[in-house]
Amino acid sequence: IQGTVLKREKVLLQTRLAQAIAARELQVFYQPVVDARSGRIVGLEALARWHDDLEGWVPPDVFIPLAEHLGLIHDLGEQVFDHALERLKAWRREGNSVTAAVNLSRVQLFAPNFQERLLDKLKSYGLRPQDLVLEITESVALLDVSYESKRLHELAAAGFSLAIDDFGTGYSGLAQLHAMPIDTLKVDASFTARLNTEDGRRIVQAIVQMAHALKLETIVEGVEDEDDARYLISLGVTQIQGHHFGEPMPAGVIDMLLAKQAAQMA
């Protein structure tokens, strides 16, 4: 009986998610990416958030797989792009040179005419490919290498900056990384959580050294305190992201942070 109840609840949640996406009710929060040395906000990662009337805030690791299962991840992704580009246009108007990072699903990356449609969308907002960072999980990036679809190369040639998200969880080899036209490695927060151990520090050091050897920028996710930030800076990490510098927050809060930063630099 309990299993039947859980199944019914999941179906109802799926129904409400489908309705929320159709009504464009999902929100987009932004998490700052900061320059490791100056602490200045240099980028903002766009993250989908869903507040359900019955469940409250539903975690992304619950509703994103549901959207994929329902075949709605493309619609959801388009809404995140629209929101991020609208905000980016406003930030540019205010004189802010921050980039916006948007996560790409497998469905989006390999969709026909994805690049052309994204370029048209950018043009309609008066933006350039260089204003966007496209984040692709390591496992999806490896698919591109194995299929030899050259989608990543096409996006890089068009001027988009590409980042491998959750790096270290997909087991890509050096040769495969070398074949990818990427600019940035985002070190997964699961590694940052182990910086209090000697083995954890060694692993992060090895990843950062490898990134440097491949002339890649590094962003370390999940940085929660000053000690970790200082250690990462000592390794030569260029950018940092985590609750120590700011958790995902509504665009209006980001507007205030950027205005404050601009005033301090003036």
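Predicted model: local features only at pLDDT ≥ 70, side-chain atom pairs only at ≥ 80, totals over all residues.
**View 1. Helices α3 and α5, side by side.** The axes of α3 (73–93) and α5 (residues 114–124) come within 11 Å and cross at roughly 30°, so this pair is roughly parallel. The crossing is right-handed. On the α3 side, look for H74, E78, F81, D82 and L85, which touch F114, R117, L118, K121 and L122 of α5. Sorted by class, that contact has five nonpolar, one polar and four charged residues.

**View 2. Helix α3 again, this time with α12.** Here α3 meets α12 (residues 251–265), with axes that come within 12 Å and cross at roughly 25°. These two helices are therefore roughly parallel as well, and α3 passes α12 in a right-handed crossing. H83, R87 and W91 are what α3 brings to the contact, while α12 brings A251, I254, D255 and L258.

**View 3. The largest pocket.** About 900 Å³ of space sits in this pocket. Its lining takes in 34 residues, and if you want to find the centre, head for E45, L47, P60, N103 and D165, which lie nearest to that point. Which elements each supply at least two residues of the lining? They are the strands β2 (41–52), β4 (99–104), β5 (132–137) and β6 (161–167), plus the helices α2 (60–69), α3 and α4 (106–109). Strand β2 gives the largest share, with five residues.

View 4. Two or more lining residues come from each of β2, β4, β5, β7 (184–187) and β8 (217–220). Which element gives the largest share of this lining? That would be β2, with three residues. By class, you will find six nonpolar, five polar and four charged residues around the second largest pocket.

**View 5. Strand β2, between the two pockets' lists.** This view picks out β2, which gives the largest share of the lining in the largest pocket and also the largest share in the second largest pocket. Strands β4 and β5 turn up in both linings too.

Technical notes:
Residues numbered from 1 in each chain as written. Heavy atoms only, no water. 1 Å grid on protein atoms, 1.4 Å probe; cavity = no way out; pocket = protein on both sides within 12 Å on 5 of 7 lines; lining within 4 Å. Points joined across faces, edges and corners; volume = space filled by probe spheres on them. Helix = DSSP H or I, 4+ residues; strand = E, 2+ residues; numbered from the N terminus. Nonpolar A, V, L, I, M, F, W, Y, C, P; charged D, E, K, R; others polar. Axes fitted to C-alpha atoms, helices over the stretch in contact; angles between N-to-C directions. Parallel < 35°, antiparallel > 145°, perpendicular 65-115°, else oblique. Left-handed = near helix turned anticlockwise from the far one by under 90°. Contact = heavy atoms within 4.5 Å.
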